[in-house]
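Look over the sequence and the model below.

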Amino acid sequence: MSHSAGPTSPPAADAILTLNAGSSSIKFALFRIVDADIMVAVRGQIDGIGTAPRFRAADPEGNRLGEQAWTDDARFQEDLLQFLLDWIVAHLGPDRLVAVGHRVVHGGRDHDRPALVTADLLASLEALVPLAPLHQPHNLAPIRAVEAIRPGLSQVACFDTAFHHAMPMVAARIALPREFEALGLRRYGFHGLSYEYITRRLRVLSPGIAAGRVIVAHLGNGASLCAMANGQSQDTTMSFTPLDGLVMGTRCGSIDPGAILYLLREQGMDADQVENLLDRRSGLLGVSGLSSDMRVLLDSDDPKAAEAVELFVYHVAREAGAMASTLGGVDGIVFTGGIGEHAAKVRALVCERLVWLGAEMNDMANEAGKDIISTADSRVEIRVVPTDEESMIAHHTLDLCAGI
Ligand SMILES: Nc1ncnc2c1ncn2[C@@H]1O[C@H](COP(=O)(O)OP(=O)(O)O)[C@@H](O)[C@H]1O
Ligand SMILES: CC(=O)OP(=O)(O)O
Ligand SMILES: [Mg+2]
């Protein structure tokens with residue numbers, strides 16, 4: 001698959017680009033294909049989309065390759081995407097881009113694995129936009145942009161829902177009349193690329209625990225828990241949409257459906273207003289009245305910020321109890337995602353509420369950001385494992401495109 005370059009330059013390689021587009025960020029990575037495996041060459045992101053967009057890219061050693069900030073908060077995501085694609089093409093050097101892999105949050109009923117993008121696939125994913133309005137439109141836009149710039153280039157959609165597809169039916173079913181199940185109303189679950197990466201890592205780091213009963217807490221701007229037995233999803237807190245479950249940055253998480261009826265009927269709100277409230281104005285932002293960013297809340301001495309953190313922690317621990325019940329006990333707890341990886345205080349507050357499960361935290365190890373943060377005597381091993389959705393996307397893309 002590789003091509004030879006000049007006598008002094010390293011041999012050119014085929015390359016895979018991964019795009020993980022969210023509501024406020026686009027994360028990307030460029031992987032070179034070397035000996036039928038992938039090696040990361042560049043990682044970067046544009047974050048602050050909608051407020052103050054900022055682009056950063058670095059090589060695997062952390063050397064900065066690019067940085068730019070925009071003060072124009074009205075910049076459209078399409079302009080930023082175009083900037084990103086131009087930057088990537090300019091930085092490919094002699095390497096040849098052979099495929100692009102995308103994180104697509106919702107795969108619906110039909111997709112239990114990554115799929116090559118076709119016009120039909122794109123149309124079916126478009127139909128799922130109402131089920132993930134914060135994510136799906138941003139996931140699909142780059143697929144169209146790449147097709148416009150490089151028609152015919154192989155593109156692969158990697159679904160957040162796929163990891164949970166084989167979840168037991170009792171965990172997936174919603175207690176509505178059967179005809180609604182036929183419409184696709186079931187619990188799907190999300191953050192699947194992250195959970196898949198974590199379970200693969202855990203098999204290397206702690207094989208005994210990986211084969212057992214593990215609760216993985218993906219705590220980022222979006223947050224969910226997954227109950228895994230032998231690396232297979234048994235249940236998860238997100239559901240039909242990524243709005244269910246835990247308290248999140250701007251999402252409310254689980255809410256009595258009766259409250260939505262009340263907002264519609266008694267408060268005169270329409271569906272768009274309710275969606276905007278539950279998806280964009282609630283969660284940490286709504287309760288604190290300050291910010292959706294956990295860093296800001298932990299640094300603040302506003303009592304409302306502390307109450308927002310307390311509520312976040314309360315629901316993580318409460319749902320962890322439910323996941324423990326599903327698993328019939330717990331051997332390991334893994335923290336990941338921006339908050340799970342970096343906020344020692346949040347990990348400590350969650351674990352304080354899980355002592356009854358046999359999870360005993362080593363406070364010094366936690367503060368120091370060690371990999372294992374439980375005591376030697378703890379019945380439950382507690383770990384911090386940084387997630388890497390990009391490498392999971394790249395592996396799937398390589399697997400699907402290898403024969404093309
Ligand atoms: N050092 C830190 N301490 C506390 N929280 C952090 C820290 N770094 C990142 N975070 C939190 O992580 C969140 C983003 O997590 P991330 O997994 O990157 O989110 P996304 O869902 O956008 O992928 C931020 O909103 C911030 O609250
Ligand atoms: C599914 C989801 O909520 O993703 P994110 O955490 O990236 O917002
Ligand atoms: Mg994320």
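Which residue in β13 does Ile333 stand opposite? Ile333 stands opposite Ile382.

## About the model

This is a predicted model, in which local features need pLDDT of at least 70, side-chain atom pairs count only at pLDDT 80 or more, and totals for chains, interfaces and linings use all residues. Residues are numbered from 1 along each chain as its sequence is written, while chains are lettered from A and ligands numbered from 1 in the order in which they are written.

## Two domains

The domain assignment gives domain 1 (14-159) and domain 2 (206-389). Such bounds come from an automatic or database domain assignment. The domain centres, taken over C-alpha atoms, are 26 Å apart. Domain 1 brings 8 residues to the contact and domain 2 brings 6 residues. Two residues are in contact if their C-beta atoms, placed from the backbone, lie within 7 Å.

The side of domain 1 that touches domain 2 has 5 nonpolar, 2 polar and 1 charged residues. Here Ala, Val, Leu, Ile, Met, Phe, Trp, Tyr, Cys and Pro count as nonpolar, Asp, Glu, Lys and Arg as charged, and the others, Gly among them, as polar.

## The sheet of eight strands

Helices (H or I, at least four residues) and strands (E, at least two) are DSSP runs, numbered from the N terminus. Two strands pair if DSSP finds at least two bridges between them. One open sheet has 8 strands, in the order β5-β4-β3-β2-β1-β6-β8-β7, with mixed pairing. β5 (64-69) and β7 (115-116) each have a single partner strand, so one side of each lacks a neighbour in the sheet.

Strands β1 (residues 14-21) and β2 (residues 26-34) pair in the antiparallel sense over 7 bridges. Leu17 stands opposite Leu30 in β2. Helix α3 (residues 136-149) lies across β1, β6 (96-104) and β8 (154-159). The helix runs at about 160° to β6. Axes are lines fitted to C-alpha atoms, for helices over the stretch in contact, and angles run from 0 to 180 degrees between N-to-C directions.

## The sheet of five strands

Another open sheet has 5 strands in the order β11-β10-β9-β12-β13, and its pairing is mixed. β11 (232-236) and β13 (381-384) stand at the edges with a single partner strand each, so one side of each is left without a neighbour in the sheet. From one strand to the next, the twist averages 25°.

Strand β12 (residues 332-336) runs parallel to β13, and 4 bridges join them. Helix α6 packs on this sheet and touches β9 (213-219), β10 (223-229), β11 and β12. The direction of α6 makes about 130° with that of β9.

## Two helices that pack

Helix α6 (residues 192-205) packs with helix α16 (residues 389-401) at an angle of about 90°, and their axes are 8 Å apart. The two helices, α6 and α16, are therefore roughly perpendicular (65 to 115 degrees). Leu193, Ser194, Glu196 and Tyr197 in α6 meet Glu389, Ser391, Met392 and Ile393 in α16. This contact has 4 nonpolar, 2 polar and 2 charged residues.

## Around the ligands

A residue is near a molecule if its C-beta atom, placed from the backbone, lies within 6 Å of it. Ligand 1 has 15 residues around it, of which Gly220, Asn221, Met294, Gly338 and His342 come nearest. α13 (337-342) and α11 (294-299) each supply at least two residues of this shell. α13 gives the most, with 4 residues.

The residues around ligand 2 include Gly22, His135, Asp160, Gly220 and Asn221. Its shell draws at least three residues from each of domain 1 and domain 2. By class, the shell around ligand 2 has 3 nonpolar, 6 polar and 1 charged residues.

Notes: Parallel < 35°, antiparallel > 145°, perpendicular 65-115°, else oblique.
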